Amino acid sequence: MRDPRRLAAVVIAPLLLAGCGPSGAGSRTSASGTSLTWGVTTEPQCFDPHRSTQQNAFIIIRNYVDSLISKKPDGTFAPWLATRWKISKGGTVYTFRLRDDVTFSDGTRFDAKAAKANLDYVADPANAADAASLLVNYQRGTTPDPHTLRVELKKPDSSLLESFSSVKLGFLSPAALKKGDTLCDASPSLVGTGPFTIDGYTRGQSVRFRKNPRYDWPPGYSEHRGPAYLNTVTYRFLPEYSTRAGALSSGQVDAIEGVQPLDVPLFEDAKGFQYRTGPSRQTSFTLNVNYTRGPGADIRVRRALRDGADLDAVVKAVYRGTVSRAWSNIGPDNSDYDASLKGSWGNDPEKANRLLDEAGWTGRDSDGYRTKRGKRLTLEVGYPQPYVRDNRDVLIEALQAELRQNIGLDLDLKINTAGEFTDQKAHGTWTVYPNTLNPLDAGMELRQVLGSTEFLYGNVRGYDRKLDGMIHRALATTDLDKRRPLLARIQRRAVDRAYIVPLFAPHYQIAATDKVHGLGFETQLDSPANNYAIRVGR
Amino acid sequence: MSAATAAVEPTAATGTRASAIVALRQAAARVATGIGVMWAAATTAYVVLHTMPGKIEDILVGDQTYPGAQEAVAAEWGLDRPPVVQYLDYLWRLPHGDLGTSYAMRQPVASVVGDQLWPTVQLTLAAAGVAVGLALAVAVGTAGRARPLRALASVAELVATSTPVYWLGILLLMVFSFGLGWFPLTADSGAASLVLPAVTLGLPMAGLLSQVLRESLEATLEQPFITTVRARGVGETLMRLRHALKHAMAPVINLGGWMIGSLLGGAVITETVFGRPGLGAVTLTAVTNKDVPVVLAVVLLAAFAYVVISTLVDIVNLLIDPRLRTR
């Protein structure tokens, strides 16, 4: 299917859009000024903040869900539904002072009881809420008075403020929580405190939001006060790249996210349009190499994989310069990114070949791959189909071609199912797993992909104990200034020992007509922010 | 029962009664076969889904790990029971109209699938209309005509059948929606938004149908009875429409029945390209997520559609071909 798609995109799209685009200009729909229509890549499978797992669901959920605190672009935290907070000396008790003027859109007051009910709900394993992983250290919540929430932890957890700023721990009304299993449906009874409320949903097509006229409690970083400018916001689910781009250029939608490299010139510096890229604080798209199995257990093979190709050129070729290659698995815009890694590795085929010779992979088979005792040097990349997106498979294929040519290593891309990967994960038999994670605290991100108890290495024997110890120390250190050097050391060790091969730093691309004002990105999600501060008009 | 007791009474009307009973028996056999087909389809799907690698609770839990997650999910969904018990439970619930709850969407499958059914049926019927209309026009207009005209039609048919639905959809969108602005992308704006998806899905079918129909028509036009009709002075077009077409239809109807059944596959792609609601996208995500209850519901629905369509095809064949009725 990929070939016709690319053919259509390459041959037809620029031609037709260049030729016919302007004729659609008269039919723009955004003139009313009080409504906005987005074309988005993904339809949320679940609209419940606590249960959703898709990053692209959160950009939609954010419209009706607020959090306890907010995260500023510089990585520090600002008030939101909590006006101030205090952390106990030992780092195990967090006390939040809550605003007293906040109501859910069903009229219920937001108070300490409602906040605690949400935390208890998420932390209860019986509810199987995805967000529970953010509350692994949650002991209990107490409510000394209606506007004070005390959170007691089992042990110090430096990622907790980040978690409280996350939409995943955003608040639903206690009445909505009682609906339990049906919460995934985007019905108007899914109630939060956000600037918009759910107004209508057609599965497979769109979800519509209406302004909450009483809203007056924006996050601390917001310059706008009072209710949102827009009356309604509609998200149309348009999974196909060319369809989204065409819908925007013909004025059938006002803004889109997920602009493919090919379509960027249609909107960037184009009359009547704007194009913006968001920050990249999330995990970079990274090959995680299982360092305990097969050829990948040999550090020389892993380093050869890391340095055997000119990643700059490969990333540039596939993404046409719209994204940058990565140096760490922590995103370059993250305040905990170790910038000293930049330029420290990669593109040294000569050394890579020497390492493979040393490691005994000296034979060659008829296809030109290196062999040892008749066995081909193969590292399988198991990439679950549901996660394959924005040309990431093409990127791996390009890398595969270059590694074969440069060093005779067979990087074998296998698109498998979520089930197959789950199976490999459960038995620790995965070989190379490519992934990114939703933005999390950097310490939490490193724990998720490299920690001994987490989803990748949880069932793998022989993990790096030293690295694991560093991760645990980092997460227990609540002094962010002391924590940062520790996080940098973890990143350096992971890259140096080639446990990870970071590939590129993904970020959101939005394009919109030039009548849309106030488009921005939410630091905590790296994604387009909610539509609170957006205006449409000349 | 009353029909059976009536059958033993010797009356003057025995002949018609007997044939009515035969028809009833055939209908009952038909329904039984239909149910059997659906059961077999659901069971096969159930077995295949459960033998696919990966435990459902692991998939449901996703990348997150926290103590008790798998167990809680398994208990919540009843996945901790033996597969056979789950299967029997599923079969038991079916006649009660309970299709279960989607793992991924956490909503009753009946409402998920129910909501998506009408848009897909709409698209399928419109596409079938496009296909049949175009095929009839082209085949009747070109069968047995001058060689260049037939060659042109053949090329057009070949192009139509071999164009990927994906590409065709984007092409039509580019020209008629984004470029000329004739048809909106919004699926709830009525018939106008149905035109492009229906053409996208219907065109490849039209190509195939038209090929088969023309060949069949050409064979019919060689028949002696056509010479008789012509000798009566009936005009060429009228002759084709009223006499030849009826004889040429049999293979086309069989093919058409199969095609409508196979439209679901095409609908997945068409719905994605046009951002339309429908079963296609729901099915695709359900399969990749191992969302067993949804997949089973779609399989049942597809089996049901096949049963209904093949029955209809048989009936239509009976109506147009008297030879089938004499048995």
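Reader: Which hand does the link of A:Cys46 and A:Cys184 have?
Author: Left-handed, with -85° about the S-S bond. This is a predicted model: local features need pLDDT of at least 70, side-chain atom pairs count only at pLDDT 80 or more, and totals for chains, interfaces and linings use all residues. Side-chain values use heavy atoms, without hydrogens and water.

Reader: How far apart are the sulfur atoms of that disulfide?
Author: The sulfur atoms of A:Cys46 and A:Cys184 are 2.0 Å apart. A disulfide here is a pair of cysteine sulfur atoms within 2.5 Å.

Reader: What does the pair tie together?
Author: Parts that are 138 residues apart in sequence, because A:Cys46 lies in the loop between β1 (35-40) and α2 (55-61) of chain A, and A:Cys184 in the loop between α5 (174-177) and β8 (196-202) of chain A. Helices (H or I, at least four residues) and strands (E, at least two) are DSSP runs, numbered from the N terminus.

Reader: Is A:Cys46 buried or exposed?
Author: A:Cys46 is buried, at 4% relative accessible area. A:Cys184 is buried too, at 2%. Buried means under 20% relative accessible area, exposed over 50%, partly exposed in between (1.4 Å probe, protein chains only).

Reader: New topic. How many residues does the contact take from chain B and chain A?
Author: Chain B gives 48 residues and chain A gives 59. Contact means heavy atoms within 4.5 Å.

Reader: How many salt bridges across the interface of chain B and chain A?
Author: The rule finds zero there. A salt bridge needs a side-chain nitrogen of Lys or Arg within 4 Å of a carboxyl oxygen of Asp or Glu.

How values were computed: Residues are numbered from 1 along each chain as its sequence is written. Chains are lettered from A and ligands numbered from 1 in the order in which they are written.
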